[in-house]
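Subject: Structure handover

Hello,

Here is the structure I promised to pass on. My notes on it follow below.

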Amino acid sequence: MSVRHERSRPVDRRVRVQGRPVDTYPALPPEAERGSVRRVTVVGEEVLSRPCREVTEFGTPELSALIDDMFLTMQVADGAGLAANQVGVDLRLFVYDCPDDDGIRHVGHLINPVLDLPEPGRRRLVDDFEGCLSVPGAAMAVPRTDHAVARGFDKGGNPLVIDGQGYFARCLQHETDHLMGHTYLDRLSKRDRKEALRQMADRREDVFAQRAVKAAGLGH
């Protein structure tokens with residue numbers, strides 16, 4: 001998912017890491033410091049259009065390395081979230097570094113997520129612009145509920161419950177969609193989908209160039 005700038009400044013500005021507030025946190029997450037950049041898949045590639053497999057082995061070096069690589073890849077692409085199939089890996093896992101509507105930064109990863117949304121009668125849908133690293137250069141308005149709870153596990157197999165409000169709730173929904181084999185384009189009308197693909201065709205090469213510059217700046 002593409003990043004968006006913060007809109008307001010609450011009293012408590014502490015970063016939430018894996019759902020918990022911390023007093024200090026670096027601009028570049030430690031995982032990204034350890035990671036390597038991977039190629040981001042683009043809409044139309046088969047791995048993006050099928051449900052991902054459950055993660056069954058936790059605590060492995062391979063899983064940790066994948067999370068590190070996803071964090072750096074997300075940073076290089078100026079993203080707010082990234083699912084494993086967006087780097088070509090067929091696993092139910094996403095990472096995020098995303099502000100909510102109060103400007104609070106949320107950072108972490110979630111494995112085998114299950115999304116809880118408000119009941120239809122209590123659900124507040126918000127139409128807001130949404131981008132995707134796998135649809136480079138495009139952004140369209142997508143209706144999402146303004147609250148979402150994602151339940152899953154960390155890389156060690158410990159249970160996690162991540163509560164998202166506003167733009168962060170949108171991020172949780174967007175990334176969980178990826179793991180089900182869907183992009184935000186699937187939520188658009190035919191006309192809006194065509195417009196998003198037109199935007200991508202016009203802008204994708206500029207986006208790829210910007211990513212290359214940022215990767216070089218980070219030493220990758």
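Three aromatic pairs turn up in this predicted model. Rings of Phe, Tyr and Trp (its six-membered ring) pair if their centres lie within 6.5 Å, with planes under 30 degrees apart counting as stacked, over 60 as edge-to-face and the rest as tilted. Tyrosine 96 and phenylalanine 168 have ring centres 5.1 Å apart and planes at 50°, so this pair is tilted. The pair joins distant parts of the chain, 72 residues apart: tyrosine 96 sits in strand β4 (residues 93–99) and phenylalanine 168 in helix α3 (residues 166–179). Helices (H or I, at least four residues) and strands (E, at least two) are DSSP runs, numbered from the N terminus. Tyrosine 96 is buried at a relative accessible area of 1%, and phenylalanine 168 is buried at 0%. Here buried means under 20% relative accessible area, exposed over 50%, and partly exposed in between, with a 1.4 Å probe and protein chains only. Phe94, Tyr96 and Phe168 make up one aromatic cluster.

Two housekeeping points before the rest. Residues are numbered from 1 along each chain as its sequence is written, and side-chain values use heavy atoms, with hydrogens and water left out. Since the model is predicted, local features need pLDDT of at least 70 and side-chain atom pairs count only at pLDDT 80 or more, while totals for chains, interfaces and linings use all residues.

Next, the nonpolar cores. A nonpolar core is a set of buried Ala, Val, Leu, Ile, Met, Phe, Trp, Tyr and Cys residues joined through side-chain atoms within 4.5 Å. The largest one has 25 residues, of which Leu66, Met70, Phe71, Leu82, Leu93 and Val95 touch the most other members. α2, β4 and β5 each supply at least two residues of this core, and α2 gives the most, with eight. A second, separate core of 16 residues includes Met1, Phe94, Cys98 and Leu110. Valine 95 touches Ile67, Met70, Phe71, Met74, Gly81, Leu82, Gly108 and His109, leaving aside residues up to four places away in sequence; contact means heavy atoms within 4.5 Å.

The expected span is 1.5 Å times one less than the number of residues in the helix. Twelve of the 16 residues of α2 are buried, so the helix is largely enclosed by the rest of the structure. Among those buried residues are Leu63, Ile67, Asp68, Asp69 and Gln75. Their cover includes α1, β3 (81–83), β4, β5 and α4. Aspartate 78 follows α2 and has a positive phi, near 60°.

Helix α4 (residues 190–217) has 28 residues and reaches 39 Å between its first and last C-alpha, close to the expected 40 Å. A kink of about 55° is centred on arginine 203, the bend at a residue being the angle between axes fitted to the seven residues ending there and the seven starting there. Ala196, Gln199, Met200, Val207, Arg211 and Ala215 are buried in α4, and the buried residues of this helix pack against α2 and β7 (139–145). Just after α4, glycine 219 takes a positive phi of about 85°.

On backbone angles, most residues other than glycine have a negative phi. Glutamine 18 has a positive phi near 50°; this residue is in the loop between β1 (15–17) and β2 (20–22) and is buried at 17%. Asparagine 112, in strand β5, also has a positive phi, about 50°, and counts as buried at 10% relative accessibility.

Finally, two arginines. Arginine 53 is partly exposed at 49%, in the loop between α1 (30–34) and α2 (61–76), and touches Asp90, Leu91 and Arg92, not counting residues up to four places away in sequence.

Best wishes
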